[in-house]
Amino acid sequence: MIKRALILGGGGVAGISWETGVIVGMADAGLDVRDADLFLGTSAGSTVAAQITSGLTLAELFQRQVDPALQAREISVQMDMQTLGAAFANAQQDTRNATELLQRIGTLALATPTVTEAERRAVIVSRLPVHTWPQSRLEVIAVNAYSGERRIFDRHSGVDLVDAVAASCAVPGVWPPATIDGQRYIDGGVHSNENADLAAGFERVLVITPEVPVALLEHLETQVARLRQEGSRVEIVHPDEAVKGAVAAVGGNPLDPSLREHLAPIGRAQGRRIADQVASFWR
């Protein structure tokens, strides 16, 4: 039997709505990728992975993006991708290794004034329709702000699903690092926006990911090349031009909650268009 992994990358509120739309659109056209053997989510992708394994129908999940009465209670904040990218680039100066770089980013996150952890956790609570780990193999990626080590959370970790997703979504310099068992965790995207290397050993790897213009420790292209060398077939779905235009229209801020009602339908249309191509690979 073919082993399949679904990788969902980071990209803020915009990424959540677009990824949800793509998954729903592919299902509209007859391809339901929720039959994956592994759901691996980073940052926004951790939210989507938790949502699609929650037991809610895809129709319900789509409505939670486009219906204001059902939407999560997001906190409006301006995220300047250029400023964030510059801060990360500055952290890279004179670093001796990858661990030191991630520790520096963790220090940046710990020092930045933000909303409280409780306020941010409430957002994650409202995002997730179910707050317990699914029986499906769901893995959520974060980085320890102190040690710089990447951590995989799953239902065997003894960590609440809400806390794991909050950690994976804790963008440095924007949201507070999440406290878990006395440690502080930041967005898993600082290591890699997809962490696709963790799907090693799976024969089919489908990556659905927004394009994040920030220099990260590991890039998707490198990880995909490694997977292919090891025998995996990999398909990548990126946003189309309509997604880029919608984000640009709000100043390039992927955390703008107003994007949800626009990007979920755009993603759905894209999912319908690509379903046959992805199905020939996935099946």
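Colleague: Between which two strands is the loop in which Asn195 is found?

Modeller: Asn195 is found in the loop between strand 6 and strand 7 (204-208), where helices (H or I, at least four residues) and strands (E, at least two) are DSSP runs numbered from the N terminus. Residues are numbered from 1 along each chain as its sequence is written, and side-chain values use heavy atoms, leaving out hydrogens and water. This is a predicted model, in which local features need pLDDT of at least 70 and side-chain atom pairs count only at pLDDT 80 or more, whereas totals for chains, interfaces and linings use all residues.

Colleague: What is the phi of Asn195, and is Asn195 buried or exposed?

Modeller: Buried means under 20% relative accessible area, exposed over 50%, and partly exposed in between, with a 1.4 Å probe and protein chains only. Asn195 has a phi near 55°, a positive value in a residue other than glycine, and it is buried, with a relative accessible area of 0%. Asp181, in the loop between strand 5 (178-180) and strand 6 (183-187), also has a positive phi, of about 50°, although it is not a glycine; Asp181, however, is exposed, at a relative accessible area of 66%.

Colleague: Which residues have the most contacts inside the largest nonpolar core?

Modeller: In soluble globular proteins, nonpolar side chains tend to be buried together. A nonpolar core is here a set of buried Ala, Val, Leu, Ile, Met, Phe, Trp, Tyr and Cys residues joined through side-chain atoms within 4.5 Å. The largest has 56 residues, and those with the most contacts inside it are Leu6, Met26, Ile52, Phe153, Leu206 and Ile208. Helix 10 (residues 260-282) gives the largest share of this core, 8 residues. Leaving aside neighbours within four places in sequence, Leu206 is in contact (heavy atoms within 4.5 Å) with residues including Leu6, Met26, Val278, Phe281 and Trp282.

Colleague: At what angle do helix 3 and helix 10 pack?

Modeller: Two packed helices are described by the angle between their axes and the distance between the axes. The axes are lines fitted to C-alpha atoms, for helices over the stretch in contact, and angles run from 0 to 180 degrees between N-to-C directions. Helix 3 (residues 58-66) and helix 10 pack at about 145°, with their axes 7 Å apart. Phe62, Gln65 and Val66 in helix 3 meet Arg260, Glu261, Ala264, Pro265 and Arg268 in helix 10.

Colleague: How many helices and strands are there in the protein, and what share of its residues count as buried?

Modeller: The protein has 10 helices and 8 strands, and 55% of its 283 residues count as buried.
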